Amino acid sequence: MNTAPAGIDKHRLAGLQDGVYSIALTLLVLELKLPPLHGGFSDAQLWASLLELWPKVLTWMLSFWVLSVFWLGDVRAAAAATAVDHRVLMLALWKLALVSLLPFSTALMGEHGSRAPASALYAGHIAALSLLQFARAVHLRRSRALVNWTDEDARRAVVKSALILACALLALGLAFVAPAYN
């Protein structure tokens, strides 16, 4: 078994994951800023400004849910892990890099979600996260000494991550056809 460098155990990786996820989840909300209102604005203007936030709120909600799903997958994998090998460590670090970047993609999507480049970047970002989750599930299914999973647990992890990846790839394709609806 190709093990991680000395000093990297599953608890340290889980702690890093929790920290990165919590910061990313917090940063997502920072893009929810009310457009500037000048002088003596009316209640109707305030309502209109709040309604302008709808695309950003929707994107924030989606990103929060998506990150929560990925975090939950990481928590479940860490709970079942008996060891962290080099591949699991590298997949986790790449995934955390993408998690830390999601507030940027979310802001771009919230601001310009009706444009194909913004929509494609956001969907591609989610697809890349999904691909890393899928790669980890496949690796752990093949490297059974790393996890306390039954055959059914391993199969279920691969199927779930494959379904998430398929949805993300569908959204990526949709980004070029109907950007606002992916």
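A salt bridge is a side-chain nitrogen of Lys or Arg within 4 Å of a carboxyl oxygen of Asp or Glu. Side chains of opposite charge can pair when their charged atoms come close. This structure, a predicted model, holds seven salt bridges. We will return to them after a look at the whole chain.

Start with the fold. The protein has six helices and zero strands. Read from the N terminus, its elements run α-α-α-α-α-α. The C-alpha trace spans about 65 × 35 × 25 Å along its principal axes. Of the 182 residues, 39% count as buried. Residues 24 or more positions apart account for 77% of them. The protein exposes about 10,400 Å², and carbon and sulfur atoms supply 68% of that area.

How confident is the prediction? The average pLDDT is 91, and 96% of the residues score at least 70. Confidence is highest in helix 5, at 96. It is lowest in helix 2 (residues 43-52), at a mean of 89.

Back to the salt bridges. Asp74 forms one with Lys95, and their closest N and O atoms are 2.6 Å apart. Asp74 lies in helix 3 and Lys95 in helix 4, so this pair ties together parts that are 21 residues apart in sequence. Are these two residues buried or exposed? Asp74 is buried, and so is Lys95.

Arg144 and Asp151 form another salt bridge, with the closest N and O atoms 2.7 Å apart. Here the setting is as follows. Arg144 is partly exposed, because its relative accessible area is 28%. Asp151 has a relative accessible area of 58%, so it counts as exposed; the cut-off for that class is over 50%.

Next comes helix 6 (residues 151-177), where Arg156 and Asp153 sit three residues apart, so about one helical turn separates them. Their side chains meet in a salt bridge of 3.8 Å, N to O. Arg156 is partly exposed, at 37% relative accessible area. Asp153 is partly exposed too, at 26%. Salt bridges that share partners join Glu152, Asp153, Arg155 and Arg156 into one network.

Now turn to the aromatic rings. A pair of aromatic rings is described by the distance of the centres and the angle of the planes. How many aromatic pairs are there? The count comes to one. The rings of Trp60 and Phe64 have centres 5.9 Å apart and planes at 45°, so the pair is tilted. Both residues lie in helix 3 (residues 54-80), four residues apart, about one turn of the helix. Trp60 counts as partly exposed, at 25% relative accessibility. Phe64 also counts as partly exposed, at 35%.

Leu16, Met90, Leu93 and Trp94 make a nonpolar patch of about 390 Å². Which helix gives the largest share of the patch? Helix 4 (residues 86-112) does, with three residues. Leu16 belongs to helix 1 (residues 10-28). Its relative accessible area is 40%, so Leu16 is partly exposed.

Finish at Ser119, in helix 5 (residues 116-142). Its relative accessible area is 0%, so Ser119 is buried. What does Ser119 touch, leaving out residues up to four places away in sequence? Its contacts are Met109, Gly113, Ala175, Pro179 and Asn182.

Technical notes: Residues numbered from 1 in each chain as written. Predicted model: local features only at pLDDT ≥ 70, side-chain atom pairs only at ≥ 80, totals over all residues. Heavy atoms only, no water. Phe/Tyr/Trp six-rings, centres within 6.5 Å; stacked < 30°, edge-to-face > 60°. Helix = DSSP H or I, 4+ residues; strand = E, 2+ residues; numbered from the N terminus. Buried < 20%, exposed > 50% of the residue type's maximum accessible area, 1.4 Å probe, protein only. Patch = residues over 30% accessible without salt bridge, like charges linked within 9 Å, V, L, I, M, F, W, Y side chains within 5 Å. Areas by Shrake-Rupley, 256 points an atom, 1.4 Å probe, with all protein chains shown as cover. Contact = heavy atoms within 4.5 Å. pLDDT = per-residue confidence, 0-100.
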